[in-house]
Amino acid sequence: MPVPSAVCQGGRSDIDRYPVDSLDRHRDAAPGKIAPRIGLVLQILVMGCLLFDAVSHNLNLQVVNNASVDLVLRDEMAPSTAIVILVVSVLYVISATSTMGAIVLTGCLGGAVLTNWRVEKPLLSVGRSLEQTLVP
């Protein structure tokens, strides 16, 4: 009579050979160390982009003014936009309010996408104008 595949020669099954807790320990060890680091790197990248955006709005750069004109926004809105971005960034960084910060940040970015879509402007056009300004 053939031996079932789950039963080994000694009559013990493969399940008995490998205890469940040893498998769980190895499965959970790697993501527990790597996931927080990946999350921290992503949060630092997002914060860097938001701070760059806030500073560029606050300095009233020509690129920001040109983009505002293209999007039919007033020039006076740039400093208030910088303040909103900074407040949302602070909400996002503080762990107790990070969920609320992420939700408000999603609304801000959604408004930016909608504004570009409303004037039929591609999303990467601001990057192209920045490149044209920096590279003569």
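The paragraphs below lead through the structure from its overall make-up to single residues.

This is a predicted model, in which local features need pLDDT of at least 70 and side-chain atom pairs count only at pLDDT 80 or more, while totals for chains, interfaces and linings use all residues. Residues are numbered from 1 along each chain as its sequence is written, and side-chain values use heavy atoms, with hydrogens and water left out.

The protein chain contains six helices and zero strands; helices (H or I, at least four residues) and strands (E, at least two) are DSSP runs, numbered from the N terminus. Read from the N terminus, the order of elements is α-α-α-α-α-α. Of its 136 residues, 19% count as buried. Here buried means under 20% relative accessible area, exposed means over 50%, and partly exposed lies in between (1.4 Å probe, protein chains only). The chain exposes about 10,400 Å², and carbon and sulfur atoms supply 68% of this area; such areas come from the Shrake-Rupley method with a 1.4 Å probe, and for residues only the protein chains shown count as cover. Among contacts with a separation of 6 or more, 51% join residues 24 or more positions apart, where contact means heavy atoms within 4.5 Å.

In soluble globular proteins, nonpolar side chains tend to be buried together. The largest nonpolar core of this model has seven residues: Met47, Leu50, Ala54, Ile85, Val88, Tyr92 and Leu105. Helix 2 (20-58) and helix 4 (77-93) each supply at least two residues of this core. A nonpolar core is a set of buried Ala, Val, Leu, Ile, Met, Phe, Trp, Tyr and Cys residues joined through side-chain atoms within 4.5 Å. Leaving aside residues up to four places away in sequence, Leu50 touches Ile85, Ser89 and Leu105.

His57 has its place in helix 2. Why does His57 count as buried? Its relative accessibility is 14%, and buried means under 20%. Again not counting residues up to four places away in sequence, His57 touches Val64, Ala78, Pro79, Thr81, Ala82 and Ile85.

The buried residues of helix 4 are Ala78, Ala82, Ile85, Val88, Ser89 and Tyr92. They lie on the same side of helix 4, because they cover an arc of only 135° around the axis; the arc is that of the directions from the helix axis to the C-beta atoms. An α-helix has 3.6 residues a turn, so residues three or four places apart point the same way.

Most residues other than glycine have a negative phi. Asn60, in the loop between helix 2 and helix 3, is not a glycine, yet has a positive phi of about 55°. Asn60 is partly exposed, with a relative accessible area of 39%. Val72, in the loop between helix 3 and helix 4, also has a positive phi, near 60°. At 63% relative accessibility, Val72 counts as exposed.

The structure holds one salt bridge, that is, a side-chain nitrogen of Lys or Arg within 4 Å of a carboxyl oxygen of Asp or Glu. Glu76 and Arg74 form it, with their closest N and O atoms 3.3 Å apart, and both residues are exposed.
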